[in-house]
Amino acid sequence: QGFGNTTTLTPEDARTIAREVPGIDYFSPGVNTRQQVVAEVANWNTQIQGAGADLPAIRAWSMEVGAFFTAQDVDRAEKVAVLGGVARDELFGAGTDPTGATVRIGNQPFRVVGVLARKGQAAMGPDQDDTVVVPYTTVQKKLLGISHLQNITISTANGVPFQSMSDQITALLRARHQLAADEPDDFSVRSLEEMATVLTSTTTTMTWLLASIAAVSLLVGGIGIMKIMLVSVTERTGEIGLRLSVGAGDIDVLLQFLVEAVVLSLAGGAIGVAAGVAASMAVSSIMGWTAVVTGEAVLMSFGFAAAVGVFFGFYPARKAAALDPIAALRYE
């Protein structure tokens, strides 16, 4: 939470950590933004990921075509770009090799030097391939006009304990930022394991929250179906009595009203699915997020709707089937 809001982290912090803290294999200062990228025949709004030359080694990210930018490109704040697979497909077409082409980010022309191999969805949801990676110095100086960093990504050597590494980095940054003993850190040090734990906890909480909201919605909808069916049974008491008197069995009347309850709930489910698909498409179009509506989700929605219809429609249907034919015929 609050990621990127602190402005006290600097490129010199990153270089000092790499130089003075033992056990670090690779490091990559980071500054991210989101902008429109314009190619010759298309444009695409995507994440601009400012990084160091070590990023592919840290994330084990190979190249599909071309090459990643070099440390010299970072030092000179060169306007070079490496495209993710999705960004390449949207700007140049699927499977093309855009190496050497020019794209515009903001008002700046960038030369494409390569395309990253596909990685797919990240743990937190965004598509890792929907990105353009450029030198972090270029983002700082030519896109955002800032001098601070938003993050520093570090890869440690095998066998280096995270807690020991974290303590050393914390002590070094507190000394560089001249923080008194009673002052809180103006940065945070996190491992992938800690981030995964926080993500899992947050996801579990959100899942239960959404499940609770859905359960309340189903309960309210089910009670509504029951009320409608009870009114229907009351208004059609004479019809029920007539059917029973001419030979219809209790099961026939039960199934009649049960089917009506299920049809009513399935109609509501269809409206809900249509509204959900429309909302997903609207969010995807407006926010630029990837929204996927699967057939399994649609079938599950209809299944729950049918189950609600059966559960809450059974009592009114049973009440209709239990009516005495003579009393029903006399009812007005």
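Ala, Val, Leu, Ile, Met, Phe, Trp, Tyr, Cys and Pro count as nonpolar, Asp, Glu, Lys and Arg as charged, and the others, Gly among them, as polar. These classes return in the first two views. The model is predicted, so local features need pLDDT of at least 70, side-chain atom pairs count only at pLDDT 80 or more, and totals for chains, interfaces and linings use all residues. Residues are numbered from 1 along each chain as its sequence is written, and side-chain values use heavy atoms, with hydrogens and water left out.

**View 1. The second largest pocket is lined by 16 residues.** A pocket is an open set of points on a 1 Å grid over the protein atoms alone, where a 1.4 Å probe fits and protein lies on both sides within 12 Å along at least five of seven lines; lining residues have an atom within 4 Å of a point. Look for Leu218, Gly269, Ser301, Phe304 and Ala305, which lie nearest the centre of this pocket. Which elements give two or more residues to the lining? They are H7, helix H9 (250-287) and helix H10 (295-321). Helices (H or I, at least four residues) and strands (E, at least two) are DSSP runs, numbered from the N terminus. H7 supplies the largest share of the lining, six residues. By class, the lining holds eight nonpolar and eight polar residues, and no charged ones.

**View 2. Helices H9 and H10 cross at roughly 145 degrees.** The axes of H9 and H10 come within 7 Å. Each axis is a line fitted to C-alpha atoms over the stretch in contact, and angles run from 0 to 180 degrees between N-to-C directions. What kinds of residue make the contact of H9 with H10? The contact has 18 nonpolar residues, five polar and two charged.

**View 3. Two aromatic pairs turn up in a search of the whole structure.** Rings of Phe, Tyr and Trp (its six-membered ring) pair if their centres lie within 6.5 Å; planes under 30 degrees apart count as stacked, over 60 as edge-to-face and the rest as tilted. Phe68 and Phe69 form a tilted pair. Their centres are 4.2 Å apart, with 35 degrees between the planes. Phe68 is buried at 14% relative accessibility, and Phe69 is buried at 3%. Buried means under 20% relative accessible area, exposed over 50% and partly exposed in between (1.4 Å probe, protein chains only). The other pair is Phe311 with Phe312. Stacked, tilted or edge-to-face? The planes of Phe311 and Phe312 stand at 80 degrees, so this pair is edge-to-face, with centres 5.0 Å apart. Phe311 is exposed at 63%, whereas Phe312 is buried at 11%.

View 4. Find Ala60 in the loop between helix H2 (55-59) and strand S3 (63-66). Ala60 is exposed, because its relative accessible area is 66%. Gln178 sits in the loop between helix H6 (162-176) and helix H7 (192-235). Buried or exposed? Gln178 counts as exposed, because its relative accessibility is 70%.

**View 5. Helix H5 spans residues 136-144.** Buried residues in H5 are Tyr136, Thr137, Thr138, Val139, Gln140 and Leu143. Step just past the end of H5 to Gly145. Gly145 has a positive phi of about 65 degrees.

**View 6. Gln49 and Val134 are 85 residues apart along the chain.** How far apart are their C-alpha atoms? The separation is 6.2 Å. Gln49 belongs to strand S2 (residues 43-51). Gln49 is buried, because its relative accessible area is 13%.

**View 7. The C-alpha atoms of Val233 and Gln150 are separated by 65 Å.** Along the chain, Val233 and Gln150 are 83 residues apart. Val233 lies in helix H7. With 4% relative accessibility, Val233 counts as buried.

**View 8. Ile240 and Gly93 lie 65 Å apart in space, C-alpha to C-alpha.** In sequence, 147 residues separate Ile240 from Gly93. Ile240 is part of helix H8 (residues 237-245). Ile240 is buried, because its relative accessible area is 3%.
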